[in-house]
Amino acid sequence: MNIIETKNLTKTYRRFIKPEGLRGSIKSLWNREYVEKTAIKDFDFTMEEGELIGLIGPNGAGKTTLTKMFTGIIAPTSGEINVLGYYPNDLRNQFKKQYAVVMGQKSQLFYELTVNDTLRLFKEIYGLEERQFQASKAYFTELFEVKDLMDVQVRTLSLGERMKMELIAALLHSPKILFLDEPTIGLDAIAAGQIRRFLSEVNRDRKTSIILTSHYMEDIKALCSRCLVLSHGSKLYDGGTGELFERYRRNKKITVTFSIRADGIELPSYVQILKKTPDKLILQVPKERAGGILSELMHYSPVDVTVEEDEIGVVVERIYREELEETQEKNHGTKEKKAISDADGGVWE
Amino acid sequence: MKMGMSKYREIARTYLKMQLAWRADVAFNMVFTVSKIIFAYLLWGMIFREREMVAGFTLYGMLSYYIVSSFLSQLDMSAGISEEISSRIRNGAFSNYMVLPVSIEGYFTAMETGVALFYLGFDFAAAAVWVFVFRIEFAVTHHFFIVMCAMIMALMGLFFMVQLNYFLGILTLKYKEISTFLMIKNNLMLLVTGGVVPLALFPEAFISVMKLLPFYYVTYLPAMLFTGGCEEEAVRGIVVLAFWCLVMQAVITVIWRRYRKKYDGVGI
């Protein structure tokens with residue numbers, strides 16, 4: 001069953017343009033110019049109950065705009081949107097009770113108060129029975145291992161602890177959909193890993209559907225079986241996360257340290273030398289050739305070898321570049337076909 | 001699922017708890033309240049040393065008016081609402097309110113109630129100091145009906161101020177910058193409540209016009225009613241204020257419906 005459906009969803013912002021200088025400021029008092037920026041363009045999307053979908057894209061791709069439209073915070077400019085059977089921007093309380101949103105940089109907690117105080121407020125706001133409230137609280141405090149932190153002021157919590165509390169506050173009323181915007185931003189690797197594990201459990205055990213926006217590919221890779229790549233408000237990719245990385249993660253980075261000088265080593269032309277010192281080489285090779293080059297290097301008795309996958313940033317950049325090129329080519333092809341078909345049509349007429 | 005007012009009660013309680021979070025803040029509020037009392041007692045004591053009556057008030061009548069009006073004006077903490085809404089709309093944090101299953105206006109009313117309850121505690125403490133330490137005899141009206149009118153009017157006045165500040169706050173959706181609106185409101189309030197020039201110095205016609213506006217009934221008239229003055233204006237005051245509350249609510253509904261779509265949540 002689809003819990004989110006959009007068709008040709010578009011959001012356009014209007015921006016005020018002020019000419020430079022004092023004269024521009026004065027002129028803009030009576031003659032104001034605006035430019036339109038399309039944040040989301042003709043976006044078609046469906047999400048089934050229980051899915052965990054990752055939204056990736058560079059800054060300004062439209063990820064947050066999309067989340068804001070799903071939650072009703074902003075109204076679409078055109079197109080159709082249906083979330084849990086509602087038009088989100090009607091802002092009906094019945095609708096708002098069925099989802100939760102956690103924005104990494106915007107807290108729902110009261111810094112002067114304790115988490116227990118905030119949760120008590122959320123219990124009343126979401127109309128939870130005492131028994132349901134206590135059961136949910138017990139489940140999450142145990143899952144997130146934060147039982148000892150419930151009665152301390154929120155402002156004294158670490159960033160990782162605070163994010164766990166944000167998630168508890170958001171999940172307390174058992175929402176059907178959880179929207180997460182950069183939940184691991186600023187967290188260290190351990191805390192980020194914990195958050196990922198909790199989210200995975202919540203999705204599996206509580207059947208909570210999750211839309212996760214993140215710049216950290218590790219979040220997306222670890223959690224989302226499906227992901228969407230956005231760029232300039234358009235969908236570049238919608239499909240399996242594994243396939244996406246299989247397709248775009250093409251190189252291996254090999255770092256080799258030698259006990260002797262590495263000057264005399266001859267390398268094939270497909271190997272790119274990223275860094276070279278007398279006793280160390282950092283190489284980039286196509287992933288299917290990594291095994292071959294490694295066995296070659298073993299002849300020089302290296303003292304240390306590390307093999308890393310393509311850096312996430314490189315992969316993302318590649319996705320954007322190539323998907324964009326592909327889309328442009330397709331559009332161009334469609335236009336050409338349309339021109340031919342129009343011309344054909346003209347002949348037939 | 002429980003519905004209704006309990007969420008707003010809990011919001012008020014939460015904001016009351018927030019006021020109590022800082023011990024030094026509470027302590028300094030206490031000191032400020034007592035020093036205000038001492039200052040007022042000394043000031044009016046000096047003025048009344050030479051004469052029995054000032055502007056129709058005896059010393060106790062004047063002190064009673066001062067206590068009640070400062071009591072009411074201290075309860076009105078609504079100015080913070082417009083600033084809070086405005087800054088949150090501008091930095092995108094207003095989204096936090098939009099995703100909660102509550103009426104946003106109701107949320108801010110409850111928030112104001114929580115903060116006001118904190119100051120109400122100090123007001124009662126101050127009243128106790130007046131009565132038991134300074135042995136002030138409160139010059140209050142003995143008419144139950146007038147006391148009821150004054151209380152209703154005071155509550156409606158506080159509610160109207162919440163509405164007004166909420167209205168000004170949501171104007172940020174359209175105008176982005178509302179400091180000029182706030183300045184106009186503040187100056188109008190000062191003028192109409194006699195804060196700039198005593199009301200008695202204005203021509204009769206001007207005062208009559210001001211009495212059609214709600215501000216006269218927010219602090220000044222309830223304070224006068226409690227202390228036994230202007231009793232003939234009690235019912236009219238409630239009617240005028242109720243009218244303004246209804247008008248303001250209608251305006252808020254229209255403005256919210258129209259401008260909420262302009263919110264872009266920039267900053268998140």
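The model is predicted. In it, 36 residues of chain A are in contact with 33 residues of chain B, and the two chains bury about 3,200 Å² between them, with 60% of that area on carbon and sulfur atoms.

**The side of chain A that touches chain B**

- Lys106(A), Glu124(A) and Ile125(A) supply 18% of the area that chain A buries against chain B, which is more than any other three residues supply.
- At least two residues of this side come from each of α2 (63–70), α3 (93–96), β5 (99–103) and α4 (115–125) of chain A, and the largest share, 7 residues, belongs to α4(A).
- By residue type, this side of chain A divides into 15 nonpolar, 9 polar and 12 charged residues.

**Polar links across the interface**

- Between chain A and chain B there is 1 salt bridge, and Lys17(B) forms a salt bridge with Asp117(A) in which the closest N and O atoms are 2.8 Å apart.
- Across the interface of chain A and chain B, 10 residue pairs are in polar contact.

**Two residues with positive phi**

- Most residues other than glycine have a negative phi.
- Leu91(A), which is not a glycine, has a positive phi of about 55 degrees; Leu91(A) is found in the loop between β4 (78–83) and α3 of chain A, and it counts as buried because its relative accessibility is 12%, under the 20% cut-off.
- Glu182(A) also has a positive phi, near 55 degrees, and lies in the loop between β6 (177–181) and α7 (189–205) of chain A; with 9% relative accessibility, Glu182(A) counts as buried.

Definitions and conventions. Residues are numbered from 1 along each chain as its sequence is written. Chains are lettered from A and ligands numbered from 1 in the order in which they are written. This is a predicted model: local features need pLDDT of at least 70, side-chain atom pairs count only at pLDDT 80 or more; totals for chains, interfaces and linings use all residues. Side-chain values use heavy atoms; hydrogens and water are left out. Contact means heavy atoms within 4.5 Å. Buried area is the accessible area (1.4 Å probe) that two parts lose on being put together, summed over both. A salt bridge is a side-chain nitrogen of Lys or Arg within 4 Å of a carboxyl oxygen of Asp or Glu. A polar contact is a pair of N or O atoms within 3.5 Å; within protein, one must be able to donate a hydrogen and the other to accept it, and residues adjacent in sequence count only if both atoms are side-chain atoms. Helices (H or I, at least four residues) and strands (E, at least two) are DSSP runs, numbered from the N terminus. Ala, Val, Leu, Ile, Met, Phe, Trp, Tyr, Cys and Pro count as nonpolar, Asp, Glu, Lys and Arg as charged, and the others, Gly among them, as polar. Buried means under 20% relative accessible area, exposed over 50%, partly exposed in between (1.4 Å probe, protein chains only).
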